[in-house]
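Open the model in your viewer and keep the sequence panel beside it. Each stop below gives a selection and then what is there.

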Amino acid sequence: MPRFWVRTLLAGVGLVVCASLLLVWAVSQERRSREEYAQPKASEIMDGIRRGPYQQGPPESDVNSSSRAAITHQSEVKPYNNSHCSNWITEPRLADRKWTETQLIFYGKPIMQAVKSICIRRQWKVKLILNDSESGLVQLEKLLSPHVFTIAIVPSRSLRHHLIQKLANSTNSLVGAIRYTYKITGAKKAQLKAFRTHFDLHGCSLEDIGILPRSFLLDDPVDCVQFFKYASFHSSSWWVLKTSQGYGGNGITVLPNLTSVYRDFGACRNKEELIMQEYLSDLLLIDGRKFDVRALVLIAGTDPYLLFHHDGYLRVSMKEFDLKSGADKAVHLTNSHVQVFSEGFRAEKHYWSYPQFQGYLDEHFPENEGFVAKRLVPFIKKISTMILNMGLKVFSRMPSTFQLLGLDFMVTRDFRVWFIEANNYPLWPKGTPYLNELINTLGNDMFDLVLDLHTDPGKFLSMKPGEWYGSWELVWNEAHAACSGDPPYHPCKEFSHHPLV
């Protein structure tokens, strides 16, 4: 009997000790998670982030002094006091410069000739590794050297590899992708689900806000049923069927009626990732032709997040818009990959500048004076700010990363702007004097910006929305937003009056 009580006592003591240890562990984990949520991981940020000016640059004759201007307010910047805010990186990251040349590597991505031309003028070497498998990583590792500064243009998903992560945290490299951006700006299904979740979490719905044409996931049984219910009340609507991974117009089918859709998907048992999006038929046209707007935004850094906007271009169809034309892609899809095969394709007719578009509106719709500057561009900035705020708890804060995004928009006859989708690897087209100048300026200024930011991040902390770096305008600065005392970002309030924007 005494032995029994001794065993019972020891067991009780053991349970108490285990419970105490579990409690201590739980408290420490909660504290750690709060710290990680409040600010970036110190291990990711402080691991070799001393940086200085990059070695190679474009010859002086190739530099447009007006577009190379430093931050407009730089001379007036006061020492940044972040005692009441999160602790951002302020010290130089490239100070211990040891490299003698610069290389840009396209890894798992095709070479863009416009980017290659910019690199050649800057005396940078350009390398291509199309294979992003294990053998591609071996090739990449052989190209790396402590004496060579590397800029790697990679798919966002490749940041799961240790070698790419090493580049993204290194002192002598930059990676042109931010980890996990594909969860928000990647496949079309991921985008739609992310946008819906974002608005739901803030107390409103994507469908009610109306920034995106009505869209449904056909591989989701509930969404599929909702689609057919909605379609039954909108029998005159056309629809666009998209594969989730489609690119450049591939995987897109325009449907004038739902006969085949009922036949193929009416049972709502589809397993393929397909999106059904309502076709915007009451579009604003340019000389009777459909067009869309490609905007360019840059997430230049992640600590803090800095979002910049650059004027983009319009893509105009070569064929006149006519619903009686059926499902002719050249009529309905403005993608350059589709239009370039149209008979009589001419780049100067396909690509329009923002000023050219505004000039057309001034002539044909004078009541919409200043539409581009007053309504189109502000809406683009709102969408880009929304996307970045969606990513604050999703993207990874690797210090040596940046990401260029292409955002597509359309305009209906009531001059309402609609967001269509985001693109992680936007095309840099050439072929007209305007495009050549646009791409050369935005490309050079982009490289200058990200290199300058990683050289001396401290001077960017007090930069405010509306200020410029070369041809890039700051849209959102996480440090400024955190320390300004302004109300937190709320998408439902931002877009509550969208039709009147």
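Buried means under 20% relative accessible area, exposed means over 50%, and partly exposed lies in between (1.4 Å probe, protein chains only). This is a predicted model: local features need pLDDT of at least 70, side-chain atom pairs count only at pLDDT 80 or more, and totals for chains, interfaces and linings use all residues. Residues are numbered from 1 along each chain as its sequence is written, and side-chain values use heavy atoms, with hydrogens and water left out.

**Whole chain**

Start with the protein chain in cartoon. It holds 18 helices and 15 strands. These are DSSP runs numbered from the N terminus: helices are H or I with at least four residues, strands are E with at least two. Of the 501 residues, 53% are buried. Contact means heavy atoms within 4.5 Å. Among contacts with a separation of 6 or more, 72% are between residues 24 or more positions apart.

**A helix pair**

Select 113-121 and 433-455. These are helix α3 and helix α16. They pack at an angle of about 60°, with axes 10 Å apart. Axes here are lines fitted to C-alpha atoms, for helices over the stretch in contact, and angles run from 0 to 180 degrees between N-to-C directions. Angles under 35 degrees count as roughly parallel, over 145 as roughly antiparallel, 65 to 115 as roughly perpendicular, and the rest as oblique. So α3 and α16 are oblique to each other.

The crossing of α3 and α16 is right-handed. That term applies if the near helix is turned clockwise from the far one by less than a right angle; anticlockwise gives left-handed.

Now show side chains. On α3, pick A114, V115, I118 and R121; on α16, they meet I439, N440, G443, N444 and F447. The contact residues divide into 5 nonpolar, 3 polar and 1 charged. Nonpolar covers Ala, Val, Leu, Ile, Met, Phe, Trp, Tyr, Cys and Pro; charged covers Asp, Glu, Lys and Arg; the others, Gly among them, are polar.

**Salt bridges**

A salt bridge is a side-chain nitrogen of Lys or Arg within 4 Å of a carboxyl oxygen of Asp or Glu. The count comes to 16 by this rule.

Select R263 and D264. Their side chains form a salt bridge at 3.3 Å, N to O. Buried or exposed: what is R263? R263 counts as exposed, because its relative accessibility is 62%. D264 is partly exposed at 46%.

Go to R315 and D408. Their closest N and O atoms are 3.4 Å apart in a salt bridge. R315 sits in strand β10 (residues 305-320) and D408 in strand β12 (residues 403-411), 93 residues apart. R315 is buried at 6% relative accessibility, and D408 is buried at 4%.

D292, R294, R315 and D408 are linked in a network of salt bridges. Leaving aside neighbours within four places in sequence, its contacts include V293, W418, F419 and N423. D408 and W418 are 10 residues apart in sequence and 8.7 Å apart in space, C-alpha to C-alpha.

Next, E478 and R397. This salt bridge has its closest N and O atoms 2.6 Å apart. E478 is in helix α17 (residues 478-483), R397 in the loop between α15 (371-391) and β12, 81 residues apart. Both E478 and R397 are buried.

**Loops and backbone**

Which residues does S244 touch, beyond those up to four places away in sequence? Select the loop between β6 (239-243) and β7 (252-255), where S244 lies. S244 touches A187, K188, K189, E273 and I275. S244 is buried at 3%.

Most residues other than glycine have a negative phi, and most peptide bonds are trans.

- D303 to P304: the peptide bond is cis, with omega near 5°. P304 is in the loop between β9 (289-302) and β10.
- D287: phi is positive, about 50°, although the residue is not a glycine. D287 is in the loop between β8 (274-278) and β9 and is partly exposed at 45%.
- F415: phi is positive, near 65°, in a residue other than glycine. F415 lies in the loop between β12 and β13 and is buried at 5%.

Finish with R416, in the loop between β12 and β13 (417-423). R416 counts as buried at 17%. R416 and F379 are 37 residues apart in sequence and 9.9 Å apart in space, C-alpha to C-alpha.
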